[in-house]
Amino acid sequence: MPRWGLLVEPPMGQNAIDTIEVLAEVDGTREEALRLLAEKVETYQPRHPRSPRGRRLYRTDDGWLLVITGSWSSRLYPCRFRVCELVWDSSDGA
């Protein structure tokens, strides 16, 4: 049974380095992983912007794109959510 990573690339503040967060790992089908990710997207609260003015959610082939508008300007903060199949993990001892 495949293992899926539920990943998010959160919006970062000025001059920050991009990061990826693993929200969870789940065993099952891709469709099951996408459903679980959808639940996490709805409640996700990124650190930036601190006071969002608006949120728009787009569906993509491998997850979602959440676009947040900051309260102090029209700057947009993209937040990408993806489902990725785990194919190898060095901590498995293999």
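Is Glu9 buried or partly exposed? Glu9 is partly exposed, with a relative accessible area of 25%. Here, buried means under 20% relative accessible area, exposed means over 50%, and partly exposed lies in between (1.4 Å probe, protein chains only).

Before we go on, a word on the model. It is a predicted one, where local features need pLDDT of at least 70, side-chain atom pairs count only at pLDDT 80 or more, and totals for chains, interfaces and linings use all residues. Residues are numbered from 1 along each chain as its sequence is written, and side-chain values use heavy atoms, with hydrogens and water left out.

**The sheet**

Five strands form an open sheet in the order β2-β1-β5-β4-β3, with antiparallel pairing. At the edges stand β2 (21-27) and β3 (52-60), each with a single partner strand, so one side of each is left without a neighbour in the sheet. On average, neighbouring strands of this sheet are turned by 15 degrees against each other, direction ignored. Such angles are taken between axes, which are lines fitted to C-alpha atoms, and run from 0 to 180 degrees between N-to-C directions. A strand is a DSSP run of E with at least two residues, numbered from the N terminus, and two strands pair if DSSP finds at least two bridges between them.

β3 pairs with β4 (residues 63-70) in the antiparallel sense over eight bridges. Pro52 has Gly70 in β4 as its bridge partner.

**The salt bridges**

A salt bridge is a side-chain nitrogen of Lys or Arg within 4 Å of a carboxyl oxygen of Asp or Glu. By this rule the model has three salt bridges.

| Pair | N to O distance |
|---|---|
| Glu25 and Arg3 | 3.4 Å |
| Arg3 and Asp27 | 2.9 Å |
| Arg82 and Glu9 | 3.5 Å |

Arg82 lies in strand β5 (residues 76-86) and Glu9 in strand β1, so this pair ties together parts that are 73 residues apart in sequence. Arg82 is partly exposed, at 30% relative accessibility. Arg3 is partly exposed at 33% relative accessibility, and Asp27 is partly exposed at 44%.

**The cysteines**

How many disulfides are there? The count comes to zero disulfides, where a disulfide is a pair of cysteine sulfur atoms within 2.5 Å. Cys79 is buried, at 0% relative accessibility, whereas Cys84 is partly exposed, at 31%.

Key. Helices (H or I, at least four residues) and strands (E, at least two) are DSSP runs, numbered from the N terminus.
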